[in-house]
Amino acid sequence: MPKWTARLTVINTTNQDLKLASKYIYNGNSIVSFPEIIPAKNEGVYEIFTPSGKPLGPEFKISLVAQGTDKQNSLGSFEFHVDIPYWSSRNTLKYHCNRDLTCQVSPSTIYDSDHNYNGEVKIGARVINDAENKKILSEKVSS
């Protein structure tokens with residue numbers, strides 16, 4: 001049984017640090033890299049592997065939260081889960097951004113029977129256009 005890996009490169013294009021709020025790493029997986037903070041305008045890599053000869057597949061979940069400041073609220077959070085089970089050919093890849101964060105995951109799927117995942121996510125801030133600003137302002141004025 002060869003080594004299987006799961007790796008996600010997180011590219012933080014926002015002006016807020018991303019903090020690891022929660023994590024889950026399947027028992028028996030070994031950590032290569034698992035940063036607690038990804039500074040603004042930087043990147044970090046989450047990578048685990050299952051040692052050769054072990055009947056395990058890589059699995060991890062992370063939740064990253066944008067760290068707001070006194071002048072700016074948090075932009076939101078990003079959640080990611082990859083599961084490549086040894087005992088099944090059915091792999092799982094799920095992710096979600098909320099509030100004002102955007103995320104582009106590539107590849108955005110993992111095929112059944114694949115033994116490795118090597119992806120990246122670009123996390124950005126949602127841009128509010130003038131029409132949205134006018135709508136928000138008119139709702140506040142009419143309240």
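## Aspartate 100 and its partner

Aspartate 100 is partly exposed, with a relative accessible area of 27% (buried means under 20%, exposed over 50%, and partly exposed in between, using a 1.4 Å probe and protein chains only). Its salt-bridge partner is arginine 126, with the closest N and O atoms 3.1 Å apart; a salt bridge here is a side-chain nitrogen of Lys or Arg within 4 Å of a carboxyl oxygen of Asp or Glu. Aspartate 100 sits in the loop between E8 and E9, and arginine 126 in the loop between E10 and helix H1 (130-142), so the pair ties together parts that are 26 residues apart in sequence. Arginine 126 also counts as partly exposed, at 36%.

This is a predicted model, where local features need pLDDT of at least 70, side-chain atom pairs count only at pLDDT 80 or more, and totals for chains, interfaces and linings use all residues. Residues are numbered from 1 along each chain as its sequence is written, and side-chain values use heavy atoms, leaving out hydrogens and water.

## The other salt bridges

The structure holds three salt bridges. One of them joins glutamate 47 to arginine 7, with 3.0 Å between the closest N and O atoms. Because glutamate 47 belongs to strand E5 (residues 43-50) and arginine 7 to strand E1 (residues 4-12), this pair connects parts 40 residues apart in sequence. Glutamate 47 is buried at 16%, while arginine 7 is partly exposed at 28%.

Aspartate 112 and arginine 90 also meet in a salt bridge (3.4 Å, N to O). Aspartate 112 is in the loop between E9 and E10, and arginine 90 in the loop between strand E7 (77-83) and strand E8 (92-97), 22 residues apart.

## Strands and sheet

Looking at the whole protein, you will find one helix and ten strands; these are DSSP runs numbered from the N terminus, with at least four residues for helices (H or I) and at least two for strands (E). Five strands form an open, mixed sheet in the order E3-E5-E1-E10-E9, where two strands pair if DSSP finds at least two bridges between them. Its edges are strand E3 (30-33) and strand E9 (101-106), each pairing on one side only.

E9 runs antiparallel to strand E10 (residues 117-125) over six bridges. Valine 105 stands opposite valine 121 in E10.

## A look at serine 63

Serine 63 lies in strand E6 (residues 59-66) and is buried, at 11% relative accessible area. Its C-alpha atom is 5.7 Å from that of phenylalanine 78, 15 residues away along the chain.
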